[in-house]
Amino acid sequence: MNNISLKVKNPESSKYKWSDRILNLEEKTLIVKHLSKNSNLSFTDLLKILELKKEDVYVNKQITKGIQGNITYAEIYNILGESRWLKFNLQTIPSNHKAYLVDKKTGEILAEKEGLQVDAKLEQEPFYQIWHTIYSIKDLEECKNALIKRFQISEDTAEKLSKIDFNKQAFGNKSNKAMRKILPYLMQGYDYSQACSLAGYNHSNSLTKDEQASRETLEKLELLPKNSLRQPVVEKIINQMINVVNAIIEKYGKPDTIRIELARELKQSKDERNDADIQNSGNKKLNEEVSKRLQELGLPATKRYIQKYKFVFPTKEKKIKDAQVVNQCIYCGQVFNLSEALSGDNFDVDHIVPKALLFDDSQTNKVLVHRHCNSTKTNQTAYDFISKKGNEELNKYIERVDDWFKRGIISYSKMQRLKVSFEEYTERKKLKKETEADKRLWEGFIDRQLRETQYIARKSKEILQQICKNVTTTEGTVTAKLRKLWGWDDALMNLQMSKYKELGQTVIKEWTSEHGKRKHQKEEIENWSKRDDHRHHAIDALVIACTQQGFIQRINTLNASEVKDEMNKEVEAAAIVYKEKLTLLEKYLVTQKPFSIVDVEKEAEKILISFKAGKKVATKGVRKIKVNGKKRVVQTDIIVPRGALHEQFVYGKIKIEDKDKPLKYLFEYSDSIINAHTKTLIKNRLTENENNIKNSLATLKKNPIYLDTNKEIVLEKASCYKEEYVIKYKLQDLKTKDIPFIIDPKVKQLVKNRLEHHNGKEKEAFKDVLWFNEEKQIPIHTVRCFTGLSAVEAIKMDENGKDIGFAVLGNNHHIAIYKDREEKQIQHVCTFWHAVERKKYGIPYIIKNTNAIWDTLFDKELPESFLQKLPAANLELQFSMQQNEMFILGLSKEEADEAIQNNNKPLLSKYLYLVWSVSNSDYWFRHHLETKNSELKNIVGAKESKRFYRFKSVGSLINMNPIKVRLNHLGEITKIGE
C-alpha cells in the first residue's frame with residue numbers, strides 16, 4: 001500500500017507536465033477495505049476510489065496489472081461471506097524496544113521513535129482463530145470436523161474451508177511475532193524496508209555501516225569441495241572465480257569494494273520481459289481454473305496437485321474452456337483414472353530427457369506417466385527407452401506423439417523432446433555430423449540456463465562477502481548503457497582495425513540523427529562483434545567497477561524535479577559538445593565517464609588471456625561395499641580416469657581374403673600369405689638373404705620364384721589374410737547406409753531385397769522376422785558389418801589372453817616433440833588411454849628423460865602392447881602440446897625474451913596462441929583473444945589474419961619457433977619452456 005506511486009497531470013500553465021500524487025490516510029483506508037475482501041484491486045477500481053480519470057494519471061505497469069490484496073482473508077470471505085467469524089480488530093500497544101530508522105547504505109540513524117507492536121490479544125480474534133484452525137490441521141477430514149465443532153458452521157461450508165491451501169505461492173511467510181512488530185509502522189505509512197528497520201529487523205540481510213566495519217573477513221577464499229553445489233558447471237565457474245580473486249589478493253591485497261553484475265537482466269530484453277508477464281498472467285488464470293476442477297474432484301488445490309493436473313490438462317494454443325483432459329500415459333498409451341493419478345503413488349512426473357543427460361527441469365521436459373514405465377526407463381531419453389522395446393512399440397509411440405501434437409495436447413518443443421535420441425546424437429557426434437538442432441539442445445542448453453539465472457551471481461556474492469566487507473550488485477542493462485555512452489563499445493574493434501583493414505574487411509558505416517539533420521560515419525570491421533574478442537569481459541568488468549550507486553539511483557528517480565535540476569547543473573558545468581541528441585540522463589552519464597577511450601584501449605591492449613590447460617589424467621579412488629548395512633572400504637588406490645578412455649562402440653576382429661597382393665607386399669607381410677606353398681617359397685628366399693626384404697626383392701630379376709617344378713609359372717601375386725574390424729548390429733537398428741558393409745553376401749542380399757520391398761523404409765522393413773532359412777526356421781537377429789577402421793586398440797581379452805574386443809581410443813592427451821642424437825625432430829603421440837596406463841604403472845605421462853624411464857622398466861613385467869607405445873630411448877624432449885596450453889608463435893627467441901623481460905604485453909598479445917587440437921602431424925593453434933570455436937575454421941580471411949594456425953608437419957611448426965609459456969590467473973607469464 002505504501003509503495004503505490006501515482007503521477008497526475010498538472011494544469012496547462014504549469015512548468016512540469018506531471019506531479020507526484022501522494023495518497024492520504026483516508027484514501028489508503030478505503031483501498032485497504034477493498035483489498036481486505038478482494039484478492040486483487042484493478043486499476044479501474046483504484047481510479048474510482050481516488051476519483052481520478054484514466055487520461056489524467058500515469059502509473060507504472062505493475063499497478064495497471066492490479067494490486068494484490070489480502071488473499072488469506074479473501075479466500076475465507078468468499079466462502080463465509082459477511083460473518084461474525086471474520087471480525088479482526090488490531091490494537092497497537094507500546095513495546096519495550098527503541099525503534100530506529102537506519103540508512104542501510106551509510107549506517108546513519110535517520111529517526112528514533114518509541115517502540116510499538118500489535119497486541120498479542122489478536123490471537124483471540126474470531127478471524128485469527130478460524131484461520132489458525134484451517135492452517136494448522138493438515139488432514140482434510142479432521143480439519144472439517146474441527147471447524148464444525150468449534151465454529152458451528154455447516155458441513156458443506158466446513159469442507160470448503162478445509163480445502164484452502166495456505167502454503168501456495170504468494171501467501172505470507174513471516175511469523176506471527178514478526179508481523180506484530182512490523183505492522184504498526186506499515187500502518188503509519190512507512191515502506192516495508194523502513195518498517196522492518198523500526199521493528200528491529202535487518203531487512204534483506206543488509207548491515208549498517210558499523211556492522212560492516214566490525215564484520216570479520218577471511219584472508220583468502222577456500223575452493224568449493226567437489227559436488228558441494230547442485231550444478232557441477234556452476235561449481236567449476238565459481239571455483240575459477242575464487243582462483244582469480246585469490247590471485248588478486250596475493251598481488252594487490254584485499255579489495256575495498258566488489259561489484260557483481262547480475263546475469264539475468266543482461267540477457268532479458270524488454271520483449272522477453274513482456275512475454276514473461278503475459279505468461280505469468282496466463283498461468284494465474286490457468287491455476288484458478290485448475291483449482292476449481294480439483295475441488296470438484298474432492299482434492300485440495302495445493303501446488304503439487306495443480307502441477308500434476310496441468311500435465312493432463314494441456315491448454316497450449318487453446319482457450320481454457322475448450323481444453324480437454326487427456327488421461328493417458330504417453331509411454332505405454334494406457335488410459336488411467338484421473339483421481340488415482342493425481343493422488344496415488346503409482347504415477348510419476350518424469351523427465352523426458354533425464355537430468356543426468358540434460359539439466360532441464362522445465363515443464364517442456366516433463367510428463368505424467370505410470371511409475372512402472374518410469375522405473376524401467378532409467379537414464380535414457382523417452383525415445384531411446386521405447387526403441388529398446390522393438391519397432392512395433394516404437395512406431396505406436398511415434399504415432400501417439402504425432403497425434404498429441406496435431407491435437408494441440410503438447411507443444412512443438414515437447415514433441416521434439418519426446419522424439420530426441422541421445423544414442424543417435426552420440427553416433428552423429430562421433431562421425432562429426434552433429435546438426436544445428438543437436439548443438440542447440442545438447443551443447444547449448446546448460447549455457448542458456450546459466451544465462452537465465454541469477455544463481456551464480458547470488459552464490460558469488462555470498463562467497464565474496466567472506467573476504468570483502470562491501471559487495472554490491474549491478475544490472476546488466478546499466479552496464480550496457482554506460483559502456484555505449486562512454487564510447488567503450490568500440491575499444492576492442494579499434495585495437496583490431498589495422499589487421500582487418502589490410503585484408504580489406506572493413507566498411508564505412510553511415511547514419512543520421514535528429515531526423516536527418518546530422519550525418520555521421522565511421523569505419524567498422526565487417527560483421528564485427530565485441531564478443532569475438534575475449535577482452536570484452538574485461539571492458540564490462542571495468543564498466544561495472546566504475547558504476548556508482550548514484551547512477552542507478554538517478555536512473556530510478558529520473559522524474560523527480562530536484563534530480564533533474566542537479567543533473568542539469570552538472571551537464572552545463574561539463575560544457576561537453578554532444579555529437580548526437582541525447583536525453584538529460586544520457587548527457588549526465590557522459591559527464592561521469594572516468595576514462596577516455598584511448599586510456600581504455602591502452603590498458604586493454606596489455607591483456608593476455610589465460611586458459612585452464614589440459615586435464616587431469618586420473619585420480620586415486622577407493623571401492624566400497626555394504627556389509628551389514630554399513631559401507632566398508634575393500635580396495636584403495638584405484639586409478640579413476642578423468643574422461644572417456646575410448647568411444648562408445650566395441651568392435652570384433654575377423655580375417656578375410658585379400659586377393660592379388662604384389663610381391664613387395666608378400667615379402668613385407670609373409671606371415672599373412674594364405675597358400676602354404678607360396679608362403680614357404682617367400683620365407684625361404686628371405687632366409688637366403690638374411691631377412692633383408694630389399695635384397696630379397698632384388699634377386700627376383702635374375703632368379704624369379706617359380707610355383708611349379710617345371711619352372712613355368714612365375715609368382716607375381718598371391719592372396720593374403722587381412723584383418724578387418726567389424727561391428728554387430730541388431731537387425732532393427734540397421735540403416736540403409738550400412739548395407740554395402742554387410743559381411744555375409746547372402747545376408748546382404750536378403751536385407752537389400754526386404755528394404756526394396758518396403759521402399760527403403762527401415763522400420764517397416766524389419767518390423768517382421770527376416771528368415772535366413774525359413775524352412776529350417778533360422779531367423780536373422782543380428783548383422784555383422786565391416787567398419788573400415790584401422791586405428792583401434794584391444795580393450796578386451798578372453799580367458800587365454802587373446803584380444804577379442806577393440807575400440808577407437810578417445811582424444812589424444814598430448815603430443816611430445818623429441819630430438820634424437822642426429823638432431824632430428826620426432827613426434828610422439830600419447831592418447832588419453834595410454835596416459836592413464838602410464839599413471840597406472842607409475843610412469844609420468846609426459847616423459848622428459850626417455851633413457852631414465854627405460855632404465856626403470858628393465859626389472860618390471862609390463863605388457864608388450866604398453867611398452868610399444870612409449871617413446872624410444874636416446875630422445876630429448878623439446879616440448880609437449882596439450883589442449884589449451886599456450887605458445888608464442890612467430891617471434892624469435894631473442895624477440896620473445898626481450899618482450900617478456902620488458903613486460904611488453906601488447907607485442908606478446910599479437911603472437912600468443914593456445915593449442916586448439918592436436919593429432920598425428922596435424923596441429924591447430926587459435927589466437928588467445930579468439931572466442932569462436934569450430935566455426936572459426938570456416939570464416940573467410942580468418943587464416944590470413946592469423947586468427948588461427950594449422951601445421952601439418954613437425955617442421956612447419958618448428959619454423960614458427962614455438963615457445964611454450966604458462967600464464968597465471970591474472971594473465972601474467974610465469975614460466976617459459978617445458
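Visitor: Does R483 count as buried or exposed, and at what relative accessibility?

Guide: This is a predicted model. In it, R483 counts as buried, because its relative accessibility is 10% and the cut-off for burial is under 20%.

Visitor: What does R483 form a salt bridge with?

Guide: Side chains of opposite charge can pair when their charged atoms come close. Here the partner of R483 is D540, and the closest N and O atoms are 2.6 Å apart. R483 belongs to helix α24 (residues 476-485) and D540 to helix α26 (residues 536-546), so the pair ties together parts that are 57 residues apart in sequence. D540, at 9% relative accessibility, also counts as buried.

Visitor: How many salt bridges does the structure hold?

Guide: The structure holds 40 salt bridges. One of them joins D348 to R371, with 2.7 Å between the closest N and O atoms. D348 lies in strand β9 (residues 347-351), whereas R371 lies in helix α16 (residues 371-377), so this pair ties together parts that are 23 residues apart in sequence. D348 counts as buried at 14% relative accessibility, while R371 is partly exposed, with a relative accessible area of 38%.

Visitor: Where do K683 and D671 lie?

Guide: The side chains of K683 and D671 meet in a salt bridge, at 2.5 Å from N to O. K683 is in helix α32 (residues 676-688) and D671 is in the loop between α31 (663-668) and α32, so the pair ties together parts that are twelve residues apart in sequence. K683 counts as partly exposed at 31% relative accessibility, and D671 is exposed, with a relative accessible area of 58%.

Visitor: Which residues are linked in a network of salt bridges?

Guide: K98, E112 and E114 are linked in such a network.

Visitor: Turning to nonpolar side chains, which residues of the largest nonpolar core touch the most other members?

Guide: In soluble globular proteins, nonpolar side chains tend to be buried together. The largest nonpolar core here has 45 residues, and L294, I330, Y331, Y397 and L418 touch the most other members. Among the elements that give two or more residues to this core are α13 (270-296), β10 (366-370), α18 (391-406) and α19 (412-419).

Visitor: What does Y397 touch, not counting residues up to four places away in sequence?

Guide: On that basis, Y397 touches I330, Y331, A382, Y383, I386 and L418. There is also a second, separate core of 22 residues, which includes L485, Y500, V543 and V600.

Notes. Residues numbered from 1 in each chain as written. Predicted model: local features only at pLDDT ≥ 70, side-chain atom pairs only at ≥ 80, totals over all residues. Heavy atoms only, no water. Core = buried A, V, L, I, M, F, W, Y, C linked by side-chain atoms within 4.5 Å. Buried < 20%, exposed > 50% of the residue type's maximum accessible area, 1.4 Å probe, protein only. Helix = DSSP H or I, 4+ residues; strand = E, 2+ residues; numbered from the N terminus. Contact = heavy atoms within 4.5 Å. Salt bridge = Lys/Arg side-chain N within 4 Å of Asp/Glu carboxyl O.
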